[in-house]
Amino acid sequence: MLYSEKVMDHFQHPRNVGKMDDADGIGEVGNAVCGDIMRVYIKVKDNIITDAKFITFGCGSAIATSSMATEMIKGRSVDEALELSNKAVVEALDGLPTHKIHCSVLAEEAVKAAVKDYYDKNGIAYDKELFKDCENCEDCDACGNK
Amino acid sequence: MKLIYADNAATTRVSKTALDAMLPYFSEEYGNPSSLYTLGQKAAEAMANARKIVAECIGAEEREIYFTSGGSEADNQAIVTAALLGKRKGKMHLISTTFEHHAVLHTLQRLEKEGFEVTYLDVHKDGVVRLEDVEKAIRPDTALVTIMYANNEIGTIQPIREIGALCRSKGILFHTDAVQAIGHIPVNVKDDNIDMLSLSAHKFHGPKGTGVLYCKRGIMLTNIIEGGAQERGKRGGTENVPGIVGTAAALKESCDHMEENAIRTIALRDRLAAGLSKIPHSVINGSMEHHVPGTLNMCFEGIEGESLLLLLDAKHIAASSGSACTSGSLDPSHVLLAIGLPHEVAHGSLRLSITEENTEEEIDYIIKSVTEVVEYLRSMSPVWDELEKGTIKHVI
Ligand SMILES: Cc1ncc(COP(=O)(O)O)c(C=O)c1O
Ligand code: FES
């Protein structure tokens with residue numbers, strides 16, 4: 001099989017799928033090359049992410065990583081969510097095929113973009129360095145920026 | 001639940017007739033056709049008989065039939081042969097189309113590196129190459145025209161007979177990759193003015209790993225595989241006797257029932273096309289006027305093909321897609337791009353390829369399942385969300 005059981009489970013029964021009308025932060029990112037798009041919504045109370053949702057246009061692993069990433073940030077502080085790496089998402093899913101790793105990068109970036117949106121909307125100061133366009137450029141060849 | 005197989009352009013189930021014909025050649029009549037004793041000669045006879053059947057089915061002579069390891073090898077050998085023959089006369093120009101199979105395209109690309117020049121003809125929005133375009137592309141130094149009989153992804157049939165006649169009148173070799181046509185629509189190498197033709201057994205209920213190169217008498221083939229004297233010295237290697245016998249049996253069966261199978265398959269395909277066309281913002285790819293019976297290719301806006309395939313698989317439907325995410329290369333299918341589809345639309349493509357073995361109930365189940373899955377994926381698609389809000393415009 002192409003995907004692990006965990007991936008197939010999160011793909012076929014995605015957690016947290018759907019739009020959120022009263023989101024405190026929304027992040028949308030796209031993969032310029034394969035054309036896929038991921039949008040993550042977060043609800044924040046007292047610096048804790050109380051709810052997260054997503055919608056995704058993309059392959060099985062794009063949907064599965066969105067599902068897993070939103071699961072992993074729920075109940076965490078906003079700062080902890082920023083530390084979520086694509087590697088952690090891949091590990092939680094019991095791995096992805098090599099040519100699908102870039103899909104998990106998309107999930108990490110979507111979460112970051114949602115947090116940045118939350119900071120911006122609420123006038124919270126942050127270190128711009130945290131939100132470079134693509135954090136993993138060095139070890140990811142998803143976009144051809146290298 | 002029983003699997004509904006709708007990916008016959010990828011490969012087909014081996015028919016009972018083909019399998020029964022093959023079985024004795026594994027452990028009973030297992031001789032090497034080159035051996036002199038009776039066991040070997042029985043295998044040689046079986047092969048000679050198979051060659052005769054294949055020749056009859058496509059209107060060729062027995063000595064014009066070369067058994068290969070499949071469609072890809074036949075494509076390679078035909079193109080390399082024509083290129084080398086051309087080179088000897090200083091003819092270094094080849095003509096093809098943008099939507100050939102990779103067995104053709106990659107062979108041409110290799111020849112380009114070796115100094116050949118290739119013109120890739122446009123296949124227009126309908127997926128049909130124009131005779132005028134071929135005529136305009138022909139130069140005094142053109143060595144070969146290679147154009148597929150029917151396309152594997154969208155199923156469109158090319159004006160092969162007319163192109164063949166044109167090439168013949170200009171003295172240019174003409175090859176066609178007929179892998180998707182043979183066994184499904186009438187093909188006759190004489191009537192169609194074809195010099196070289198590739199076919200592959202596993203696309204018409206024969207076994208995988210066997211194919212045929214038809215090469216018109218008088219054209220000196222270049223070997224791809226050097227070896228013994230098999231296939232008149234043009235293809236080394238002990239012959240795949242069971243495969244060859246199975247190829248002939250499957251081909252004969254397909255040709256004997258071609259008309260009735262086509263009528264049945266077309267009726268099923270039209271039912272499928274009508275049902276799926278009810279999905280909003282969907283489009284059928286390629287002209288339905290010039291079309292093989294079983295293949296239907298559609299795009300659904302706002303969704304991605306790999307997710308669609310995986311969800312259909314969960315519903316026991318086997319199909320394929322030209323989406324970037326399924327290709328492993330991050331680029332959608334070159335065929336869909338060749339007919340002018342934008343990347344984002346090509347992403348949501350679905351190829352269903354059926355046969356006379358499918359039933360109306362299966363077709364209705366496919367329609368229902370695809371409709372549900374497309375609706376579900378759209379409900380979670382940011383692209384569909386923006387299309388609905390009008391922030392981006394519908395293309396189809
Ligand atoms: C149009 C076309 N040409 C060539 C091939 C290759 O044939 P084979 O798989 O026998 O090498 C295929 C099938 O994959 C095909 O559809
Ligand atoms: S997001 Fe396109 S391949 Fe996964």
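These legends describe close-up views of a predicted model. In this predicted model, local features need pLDDT of at least 70 and side-chain atom pairs count only at pLDDT 80 or more, while totals for chains, interfaces and linings use all residues. Residues are numbered from 1 along each chain as its sequence is written, chains are lettered from A and ligands numbered from 1 in the order in which they are written, and side-chain values use heavy atoms, with hydrogens and water left out.

**View 1. Two domains of chain B.** Domain 1 of chain B covers 4-11 + 258-389, and domain 2 covers 16-256. These bounds come from an automatic or database domain assignment. The C-alpha centres of the two domains lie 29 Å apart. Domain 1 of chain B puts 24 residues into the contact, and domain 2 of chain B puts in 32. Contact here means heavy atoms within 4.5 Å.

**View 2. The domain interface of chain B, from the side of domain 1.** About 2,200 Å² is buried between domain 1 and domain 2 of chain B, with 55% given by carbon and sulfur atoms. Buried area is the accessible area (1.4 Å probe) that two parts lose on being put together, summed over both. A salt bridge needs a side-chain nitrogen of Lys or Arg within 4 Å of a carboxyl oxygen of Asp or Glu. Polar contacts across this interface join 16 residue pairs (both at pLDDT 80 or more). A polar contact is a pair of N or O atoms within 3.5 Å; within protein, one must be able to donate a hydrogen and the other to accept it, and residues adjacent in sequence count only if both atoms are side-chain atoms. On the domain 1 side, α9 (258-276), β10 (295-300) and α12 (334-338) of chain B each supply at least two residues. The largest share, 4 residues, comes from α12(B). Helices (H or I, at least four residues) and strands (E, at least two) are DSSP runs, numbered from the N terminus.

**View 3. Chain A against chain B.** This contact takes 28 residues from chain A and 24 residues from chain B. The two chains bury about 1,900 Å² between them, 64% of it on carbon and sulfur atoms. Across the interface there are 4 salt bridges. A:Arg39 and B:Asp385 meet through their side chains in a salt bridge (2.7 Å, N to O). Polar contacts between chain A and chain B number 9 residue pairs (both at pLDDT 80 or more). On the chain A side, two or more residues come from each of α1 (5-12), β2 (37-45), β3 (48-57) and α2 (60-73). β3(A) gives the most, with 4 residues.

**View 4. Surroundings of ligand 1.** Ligand 1 is surrounded by 13 residues, and the closest are B:Gly71, B:Ser72, B:Asp177, B:Ser200 and B:Lys203. A residue is near the ligand if one of its heavy atoms lies within 4 Å of it. B:Gln180 places a polar side-chain atom 2.8 Å from an oxygen atom of ligand 1. For B:His202, a polar side-chain atom lies 3.0 Å from a ligand 1 oxygen atom. An N or O atom in the side chain of B:Lys203 is 2.9 Å from an oxygen atom of ligand 1.

**View 5. A salt bridge within helix α5 of chain A.** The side chains of A:Glu108 and A:Lys112 meet in a salt bridge (2.9 Å, N to O). Helix α5 spans residues 101-121 of chain A; A:Glu108 and A:Lys112 are 4 residues apart in this helix, so about one helical turn separates them. Over all chains, the structure holds 35 salt bridges.
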